[in-house]
Amino acid sequence: MYDVTAIGELLIDFAARDTDAAGYPTMKANPGGAPGNFLAALSKYGFRTAFLGKVGTDAFGGLLLHTLREAGIETKGIRQDGTVFTTLAFVTFDAGGDRSFSFARKPGADTRLSFEELDLALIDQAKVFHFGTLSLTDEPVRTATKKAVEYAREKGKWITFDPNLRLPLWSTPDAAREQILWGLSKADVVKISDEEAEFLWGITDEQKAAEKLRKEFGVKLAMVTMGSRGAYLSNEKAAAWAVCPHVKPVDTTGAGDIFGGSAVSMLLRTGKAPEELDEKELAAIGAFASAAASLSTETPGGIPSIPPEEEVLKKLRESENA
């Protein structure tokens, strides 16, 4: 049995470390892909996870499989395809650690996953099914993802969703908007950034964004992240803000995914449905997830940057006593 199964992209993040006089960066390879980061956070905090996806038979595909296994994620649902290359992402940073992306994905292995290749038992055996929009950009993985989401809903699984907007991977902004709105309409729990809410609806108020998710899309738990400003969580019963502890960021890669995985780990610990959480529980979820995500920015990469639980709890105590 699994607590959470996810579908989506696995890739290598090449992150800039130095730049020469001509402007060419020296890159470091890190395991990446939002669903993998999300599951790795859950695994780090004691939950059983499984992945549905595809990589190439190249060296990077093998490295990703090894990394997920080391992170405690079940990989038997990951297919390998020798006809395409594992997807690569190239990440550069500004002075504040914020990222810009370029992708080698024309096509990447993750986009070639078909519904017929899915091990549906990994959905059957899970309580939660998670997806994002990078598996909605291209066929056949778009159809595979949509069918998997519908399958999980029919089986009574909680559906969690992260828009994870990456405009360079979409043919047009309208195409991205269409698929994100579809994802929102299927989800019980949504982690959305303030930038994504502004992209979708022109909304810059986190409370209004959360209300829209609940009222118009039927989302049971809305989590709006606001970067270093923290997060706002709400359901029909209650709402709470969370602040980020002070950190010295060097790389924000994966921070949103780690927030999402950490939040869902705390949700599962309550033993309650998302719509049943009270204000105290929402605040605890937001505080833990914000601290985990913030601490992750002090270490390069996604999966390698997930902090141990004891470090997160220590940071929370320090923030309370400050």
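So, the largest nonpolar core here has 52 residues. By that I mean a set of buried Ala, Val, Leu, Ile, Met, Phe, Trp, Tyr and Cys residues joined through side-chain atoms within 4.5 Å, and "buried" is under 20% relative accessible area, with exposed over 50% and partly exposed in between, using a 1.4 Å probe and protein chains only. Quick caveat: this is a predicted model, where local features need pLDDT of at least 70 and side-chain atom pairs count only at pLDDT 80 or more, while totals for chains, interfaces and linings use all residues. Residues are numbered from 1 along each chain as its sequence is written, and side-chain values use heavy atoms, with hydrogens and water left out.

Back to that core. Val-4, Leu-39, Leu-42, Leu-268 and Val-312 have the most contacts inside it. Take Val-4: leaving aside neighbours within four places in sequence, its contacts (heavy atoms within 4.5 Å) include Phe-38, Leu-39, Leu-42 and Leu-268. Another core, of 42 residues, lies apart from this one, with Tyr-2 and Phe-217 among its members. In soluble globular proteins, nonpolar side chains tend to be buried together.

Next, helix H1, residues 34–44. Helices are DSSP runs of H or I with at least four residues, strands are E runs of at least two, and both are numbered from the N terminus. How many of the residues of H1 are buried? It's 10 of 11, including Phe-38, Leu-39 and Leu-42. After H1 comes Gly-46, with a positive phi near 95 degrees.

Lys-54 sits in strand S4, residues 49–56. Is Lys-54 buried or exposed? Its relative accessibility is 4%, so Lys-54 counts as buried. The Lys-54 side chain makes a polar contact with the side chain of Asp-81 at 3.4 Å. For that you need a pair of N or O atoms within 3.5 Å; within protein, one must be able to donate a hydrogen and the other to accept it, and residues adjacent in sequence count only if both atoms are side-chain atoms. The side chain of Lys-54 also reaches the backbone oxygen of Arg-112 at 3.2 Å.

The other one, Lys-191, is in strand S11, residues 189–193. Lys-191 has 8% relative accessibility, so it counts as buried too. Beyond four places in sequence, Lys-191 is in contact with Phe-161, Asp-162 and Met-223, among others. Lys-191 and Leu-233 are 42 residues apart in sequence, yet 9.1 Å apart in space, C-alpha to C-alpha.

That's my tour, thanks!
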